[in-house]
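This briefing is for a reader meeting the structure for the first time. Please look over the sequence and the 3D view before reading the points below.

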Amino acid sequence: MAEYLLLIVILLPFIGGLFVAASHNGDDGVSRNAANVAVWVVCCNILLILKLFSLLGVDQNGLQTAYLPWVVAPGGLLSFCADILSLMIVLSIHIAVLIGVFSLRDSCGSQKGVLFFSQLFLCITSGFFLAADLFTFYVFFVLMIVPLFMQIGFCGGAGRKTATRFFLYNAWGAFLLLMSVVAIYALQDQKATIYIENISEIKLSGNFAIFVWSGVFLAFVLRLPVWPFHYWISSVNTVIKNPLVFTSVNLMPISGLYGFIRFWPAVLPEEIAALVPVFEVLCVMTMLYLAFSGYSSTGLRDKLFSYIFIYYLLYLLGVFSPTDVLKQNIAYSLFAFLLVASGLIMIVFHIDKESEKLQNSANGILCLQPKAAFSYAILILAGVGFPVSALFWNNFVIVSEILNTNVGIGSIAVFTMLLAAIFLLQNLYDLRDKSCMLPGQEKIYDIDNLRFVVSTIVMIVLFLSFIKPLWFVY
Amino acid sequence: MDEIFNVLSLISLLLGMLGVTIQRVWGECSAKDYFFTARVAIVASVVFSLLFQESAFGAPYFAINEQTLSVYALTSVMVYIWLSLSLKWFVSENLPSCLFCFLALVALLCCRVLAAAQNLMIIFAALAVLMLINYLFLYLSQQTEELHNISSRYGLSALLFVFVAGIALYLLTPKGWNLAQAADMTIGWGLFKTYVVVAGFLFVFMFMLAIAPLHFWFADTIAPAVLPVAAYLSLVPQLSLWTAFGNVHHQFLQPIMNNINDLYVLFGVLSILAGAVGANTSRNLRKIFAGCGVYCFGVILLVFAALPDKMPFDSHAYIQIYLLSMMGIYTVFYAFKCRGDYLYNLNMIGGFARARPFVAGAMLLFMASLAGLAPMPGFYGIWFALEGLANRDFYVLMFVTAGCLMFLLPAYLQIVKAVCFMPRKDNFDRTDNNIYFYLTLILALMLGLICKPQFLQML
Amino acid sequence: MIANIVICLLALGFLSLWKLRRRYDNAVATVSLLLLGALLFYFVRNWHAGVENTFLLLWDSSASGDIKISINSSPQIYNIIFPFFTIVVLALFNNLLFRFEKQRKLFSALIILILSSFILLISGDNFVQVVTFVFVIDILSQVLVQDIYAGRRYGIYNLAADMGLFLIFALMRGKLDSLDMTSLVEYYNNGKYQNLIVIVMMLSLFIKFGFFIFHSYLLDLKSAKFHRLILIPYMSTPAVALILFVKLKAYLVESALFCGVFNAVLVLTLIWGAAGAVVIKNLKEKALYFSMMIMALLARLAAEKEFVWNVSFSLLLICGFCFNCCLYYLHYYTNRNNTIVLSAGQNGKNLMSIYIVAGVLACVMAAFYSALLKVYPMVGYGWFWSFVLLFMLAAANMFTQVLKDERNKDESLLSCKTLDYRPLPFLTLMLVLSVGVVYVHSTEIVFAISSVLMFIFLLWLKPIERLIKDDYYNNLQNADFFSGFYDIIIARPIKFIGRILTLMVDFVFLEKTLVSTVMLSAAIVVRGFRQISREGAVRYVLFILTAFLVLAFYFLRSKI
């Protein structure tokens, strides 16, 4: 049963996407109908994922592998399997997209297209994170950029130009991975499936090994906001005006992170592994850069962007630490982090939209939005690592392992986390500072009840994850 | 009796040509009638060839096998769809279509001959006729002075290569025209003579297949030509030409010239580069896809270089997938219509997706396939090609091939940008049901290929 | 058992949060106080009964061992919890008597929850529990502060301190592969990066204590409500710092670096606190400066090797809070104006109330000094007399300012509050402290009385007023040299660097250099190709020639 469920989890969003595409638009031009279809599909899939968790069991390593026949694939099959890490990521991405769909309600523009591609994105990401073999992994790795490209393009304005850049940049990463994957398969005497868990058994030598693993390494790095590769995502984030697209784009780097988790550190040859300290330094320098730039920027979304990527890089540093025990902590932390980030995106986009009515800055706006203020404050507290979510304890373990490996890098990482926390808190204070409000402002609306309920549910889930990360598994 | 059955398919085509001519001479026929006759002839020809054709027929001049039959069937299907779509163009433009249908049937006949021919003279003749048909299509459909000039230049270039190929044939003497013995004829020849023969046959194919640096005519002719002619040049002769080239390559060129694979590599890389960069130089949709075509042909040539021993399945699959995708693209081109005019520039099709989401969606899928995006059929075209290169340790070539695909991407992306992201500029004309039907058919075929790629091997 | 008390406190705290009609507010607050009083009684009874046990709750598991929530009921833990428990009971009592909260029950709930967190922090013996409850108390303190202006720097400084603790605990956990805090000393002797740990730990604690240089965030609290402000030093961050200091002392005192810096900072804090308490006229700020002085003293005491948290030490804390309460009463009876010089000394009834407050204050100080006398041998005479002198001078000066200022005879001050129907808190305070002093320090009662006399003497003598001109006072009111510390030393440079980096890295280097170069190169290639692809017969010839030339090249190469 688990195998079929695994395939359904991957395919259901795609089928849902077709329903979204076929749904009838409302008279007001807003695709409520499409959004409702999307919500139901994602909710159903979340339930299926939870069922998968229960089938998996907390102590087991992975589900029985599910196969999808496809002659092109070496071995003739696309294969999928799941463990706690991958299922946690898939679940959190589903929840993040669901929150994104809720945030979309009063946005204008081509929502139906965005919703269709968001479903497609869910299908592809599920396939990617549940991929069991190298070929399947590659196929979904590449595909992931298509729905995002379309979603960014649908945002209009500068998004069109940025979408092209986004696609091209990510396609180069996919190209590098393709080269490596083709080279690895070419080495096989007979076409056979290469499972990711067995990838360390591939024996490459000399320059060929460097060629192959450098390709893999760079393909993942290009997905992550490591300097100077961070620019693609920062330039995209500045132009996106749609919360769902913003959420989806910010989920993209997880693919690079996940790639490193799966491939690191067992398989990389010494030649590449020797570069790890250099790369770690690059990571923390980027974290510092992001922290400084987030601190100095005035835009809400810029700050949020900086915060999100500082944490991604923190996880990346965690992945680089020479231990495998962190995988689970990263999964738990990432789960909470994605929930926090998507919740924050929902509120921030609402605040941004309402603040356009103000003559000056958005400072003080939360005084007029008690529900938004409450949700925002709690989510920020969770986000900066206060003990209200699974972020707290798991980040503690991750940081301690990074410090154990390299105190300097770990200290800078903590410093950047602190800076991120400070600029988020400052922002919260600014938004709640009544003295900044000018009298006679236009009517400012609070978040609607639905979104307040959504953010409350997110908070409850976060708190439960703080007490027990796998509280939903029976 | 068997002999008659064997030639029934050819007779159908000839009868089709005769029918069209009779309709022209004695009847007051509309464009629909000509097209109807031509399509009936094509269907009959395909059915007869699939039912009655025997492998021994036409030996030693022809070799009929599963591959040649599938090539013919596929080419016929393409010609059928192309004719069906072009009918609307002739009706809306109110132009005579008799000669067009006649030439289409002749071209199909030539394609059939080319795919199965085992004699260099026959191949030469079929190529020459195909060149003539190309020229005639351009010449007869000329609506601008630009097209007139281009057709003249094309004609002259074609003449040159026919001449060179003619010299090669002359040098080989009739004894050596048989493909199986042609290579043996060259034993003991001087290097110069061998190179002249190679140049004769290689360049004529390269010219027809638009392989760089002899690709110059391809984009030039496709861009200003009327849509049915552009579609013909892009779709119809390619598969047969490649099959014939495969035969000539394996039986003749490769055995007589040691370093021909290096030459292929050079021309292949040149084509890849020229295609990738060329696609980005224009906002004319046809030029963009012409660039894509040149790129694909370059890839196939590289696979030929990597697999010197046999006609590779990899390249065969690749060309089939390319043509299928291109067929879809040209079907979409028939839907790019505003106030009776067929649109060909990116600036003209802004916001098309908002008006015709299904057609635009189909176009995206075809382009995804051309870009080699998994799980579209184009992906395994490029996958097989790259795997073929990697299997023979041609890693640099593999790198160049895939790298140039990256350079090709901006061209596709600007189409997507125009079709999907730009605001709607104009009211597009209603799309014919015909187009929807064929798009659905091609999409279904693609879906079939995605789910069961074994189908390609059957083809 | 302390665990039972914690559970009761949590239940009480959360139940008090339950939304009820306004009319039940007083009832709930009263019940809370009564229950808390009962719990305090139960607590003291258990303490004296010497019941010892440990409550353990398994929270999560990790590679470094299980994370447990532990609550130890040992005499030491009882000792530490006691002053905070008492302070909370007194605060609830105040809350019931003064209508300073719109919803008393919410305020009660908040401080009960803070107390629960304090107990869990005090009981914690592993890194995770300690750091968790430090964070929790910070969140609750933020709610306690309530005011946005006051909370801004308070929150940020605290966060910085917490992250410092987070860093060192994480580092130790990584190096020791254990979460147990008892291995701290072992780590100092055998571990790595001791100085880094000491520096970060020291900085975190100094920030949390609100010591000199880092005190400006505490002074921001002047914009918070007074009744909340008086609670903050004793039930929030500085108190947390004191508890942490006691827990981490074993590690810190091993370091010579720490001892030197710590003593210097304490002296500076004491002096700065005294100067502020003397000079600044804002009552709220005065309260904070006094708290600074007291915290410096408590930290000094706790730093001693032979230090044991005993009743005297607890009494110092309680007295500190009571002293703050007195300042609040003073504020309450001086028309609730923060600036001390605006108090109306000419109103007879009002004057009476101020005299009573002064009397209570004298009692508090008596208790404080007697408790101090009990523990002073640990800190030595120098520290003891310096503190006593400075504190008395500042306190006496404050009353001099209140009682003798006759310049402000504003008509609006005639409606000053009088000592109407609320002698209860004063009497209670007097009673509690007197009993406490007599019970605990019966031998020091003489010193206590003499200290009161000394205070009155100083009040009469007005030494500070004689020394410092009034103009100078006024000039110093807004001259807080450290309020811009955070802004100038940290915030502005970071902002500046951030903007420069954004400009240089993103805009100049990536957008204008890297991306533009790539785009330009692509454009050049495309333009070049476009030139080659221009229509014309010549191009055809050129391409054909190229093909033939290539073949010719291969021909020549084969020949060679």
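Of the contacts in chain B with a separation of 6 or more, what share comes from residues 24 or more positions apart? The share is 78%, where two residues are in contact if their C-beta atoms, placed from the backbone, lie within 7 Å. This is a predicted model, in which local features need pLDDT of at least 70 and side-chain atom pairs count only at pLDDT 80 or more, while totals for chains, interfaces and linings use all residues. Residues are numbered from 1 along each chain as its sequence is written, and chains are lettered from A and ligands numbered from 1 in the order in which they are written.

**Chain B as a whole**

- Chain B holds 20 helices and 2 strands; helices (H or I, at least four residues) and strands (E, at least two) are DSSP runs, numbered from the N terminus.
- Chain B is as compact as a globular protein of 459 residues, because its radius of gyration of 21 Å is close to the 23 Å of the globule rule. The radius is taken over C-alpha atoms, and the rule is 2.2 Å times the number of residues to the power 0.38.
- Along the principal axes, the C-alpha atoms of chain B fill a box of roughly 70 × 60 × 45 Å.
- Of the 459 residues in chain B, 60% are buried. A residue is buried if 20 or more other C-beta atoms lie within 10 Å of its own, exposed if 12 or fewer, and partly exposed in between, with C-beta atoms placed from the backbone.

**Inside chain B**

- The expected span is 1.5 Å times one less than the number of residues.
- α13(B) is largely enclosed by the rest of the structure, because 22 of its 22 residues are buried.
- B:F124 lies in helix α5 (residues 120-140) of chain B and counts as buried, with 20 C-beta neighbours inside 10 Å.
- Beyond its neighbours within four places in sequence, B:F124 is in contact with B:A165 and B:L169.

**Inside chain A**

- Helix α17 (residues 390-405) of chain A reaches 23 Å from its first C-alpha to its last, close to the 22 Å expected for its 16 residues.
- Since 14 of the 16 residues of α17(A) are buried, this helix is largely enclosed by the rest of the structure.
- A:E280, in helix α13 (residues 276-296) of chain A, has 22 C-beta neighbours inside 10 Å and so counts as buried.
- Leaving aside neighbours within four places in sequence, A:E280 is in contact with A:L317, A:F320, A:N406 and A:I409.

**Chain C and its side towards chain A**

- Chain C is divided into domain 1 (1-124), domain 2 (311-483) and domain 3 (493-559), with bounds from an automatic or database domain assignment.
- The C-alpha centres of domain 1 and domain 3 of chain C lie 73 Å apart.
- In chain C, 35 residues are in contact with 32 residues of chain A.
- β1 (53-62), α5 (127-145), α6 (148-176) and α22 (485-532) of chain C each supply at least two residues of the side that touches chain A, and α6(C) gives the most, with 15 residues.
- β1(C) runs antiparallel to strand β2 (residues 65-73) of chain C, joined by 9 bridges; two strands pair if DSSP finds at least two bridges between them.
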